[in-house]
Structures are given as C-alpha cells and as structure tokens.
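Reader: I'm new to reading protein models. Could you walk me through one, feature by feature?

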Amino acid sequence: MMDKVFVYGSLKEGFYNHDALGDSELLGLFTTEPNYTMFDLGSYPGVMKGGSTAILGEVYKITPETLERLDYLEGYPGYYDRCVVDTKFGEAYLYHISAVDVEAAHDVMIVPAGEWNNDNEN
C-alpha cells in the first residue's frame with residue numbers, strides 16, 4: 001500500500017480540510033509533470049489527467065487510517081479516483097476527477113497556473 005499522498009487543494013496546509021491529514025508528516029512541496037488540467041470547482045479544485053499543466057502541491061507521508069479518511073473525504077472511488085504520481089519523495093497517490101465530473105459541475109474555470117488558492121474562501 002502506498003504511504004504518501006500528493007495534495008493540491010483544500011487539504012494543503014492552511015486550508016479548511018488540512019485537518020483530515022491528522023499528524024501526517026509533510027515531506028515537502030512538489031510540482032508534477034505538465035500532464036494535467038486543474039479546474040476551480042468553487043470551494044475546491046479538481047485535477048483531470050490529460051492536459052499541459054503542472055500541478056503544485058504538497059506531499060505527505062500517511063498511515064492507512066489517514067488514507068481511509070482521505071478516501072471518504074474525496075468520495076473515492078465514486079467522485080474522485082486515485083492514480084500514482086512520481087514525486088521527488090517517491091510514488092504518491094493523487095486524487096483526480098473525470099471529464100464527466102467536470103461537465104456536471106457549474107461555473108467551472110480552468111486554473112492555468114496549476115496552483116489553487118480558493119479566492120472564494122472567506
């Protein structure tokens with residue numbers, strides 16, 4: 001089982017879902033290869049495989065219990081799916097959405113820089 005996760009949205013340090021990571025160890029910042037498209041879905045982002053955007057995020061070392069908690073939060077495997085991304089810290093899970101999920105969302109905007117900051121957050 002994978003023991004790392006790459007997060008790029010509301011799970012990042014300083015954002016509202018970060019507590020779901022519990023006491024997971026932050027290994028550091030990482031930017032993926034430019035193989036994705038990031039969407040701003042309102043209060044959270046979604047990353048879709050395919051595209052030409054590099055995604056900036058954080059890599060955490062996690063426990064199986066934390067992975068279970070993240071799966072629940074991300075709606076895995078119904079809403080988000082997981083893939084494995086190679087990072088400078090080793091392989092890590094990355095939660096991603098499908099084109100169907102993007103088409104179903106309202107007011108979807110592409111995040112061309114690949115870094116989500118949730119400008120809508122109060």
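**Reading the sheet, the charges and the rings**

Author: Let's start with the strands: E4-E3-E8 is the order in an open sheet of 3 strands, with antiparallel pairing. The edge strands are E4 and strand E8 (109–110), each pairing on one side only. Strands here are DSSP runs of E, at least two residues, and helices are runs of H or I, at least four, numbered from the N terminus. This is a predicted model, where local features need pLDDT of at least 70 and side-chain atom pairs count only at pLDDT 80 or more, while totals for chains, interfaces and linings use all residues. Residues are numbered from 1 along each chain as its sequence is written, and side-chain values use heavy atoms, leaving out hydrogens and water.

Reader: How many bridges join E3 and E4?

Author: Strands of a sheet pair through backbone hydrogen bonds, either parallel or antiparallel. Two strands pair if DSSP finds at least two bridges between them. E3 and E4 have 5 bridges, in the antiparallel sense, and Asp40 stands opposite Pro45 in E4.

Reader: What about charges: which side chain does Asp71 meet in a salt bridge?

Author: Side chains of opposite charge can pair when their charged atoms come close. For a salt bridge, a side-chain nitrogen of Lys or Arg must be within 4 Å of a carboxyl oxygen of Asp or Glu. Asp71 meets Arg82, at 3.5 Å from N to O. That pair links distant parts of the chain, with Asp71 in helix H1 and Arg82 in strand E6, 11 residues apart.

Reader: Are Asp71 and Arg82 buried or exposed?

Author: Both are buried; that means under 20% relative accessible area, with exposed over 50% and partly exposed in between (1.4 Å probe, protein chains only). Arg82 also has its charged end over the ring of Tyr93, 4.3 Å from the centre. For that, NZ of Lys or CZ of Arg must be within 6 Å of the ring centre and within 35 degrees of the ring normal.

Reader: And ring pairs: how do Phe15 and Trp116 sit?

Author: A pair of aromatic rings is described by the distance of the centres and the angle of the planes. Rings of Phe, Tyr and Trp (its six-membered ring) pair with centres within 6.5 Å; planes under 30 degrees apart are stacked, over 60 edge-to-face, the rest tilted. Phe15 and Trp116 are tilted, 5.5 Å centre to centre with 35° between the planes. Phe15 is in the loop between E1 and strand E2 (25–31) and Trp116 in the segment after E8, so the pair ties together parts 101 residues apart in sequence.
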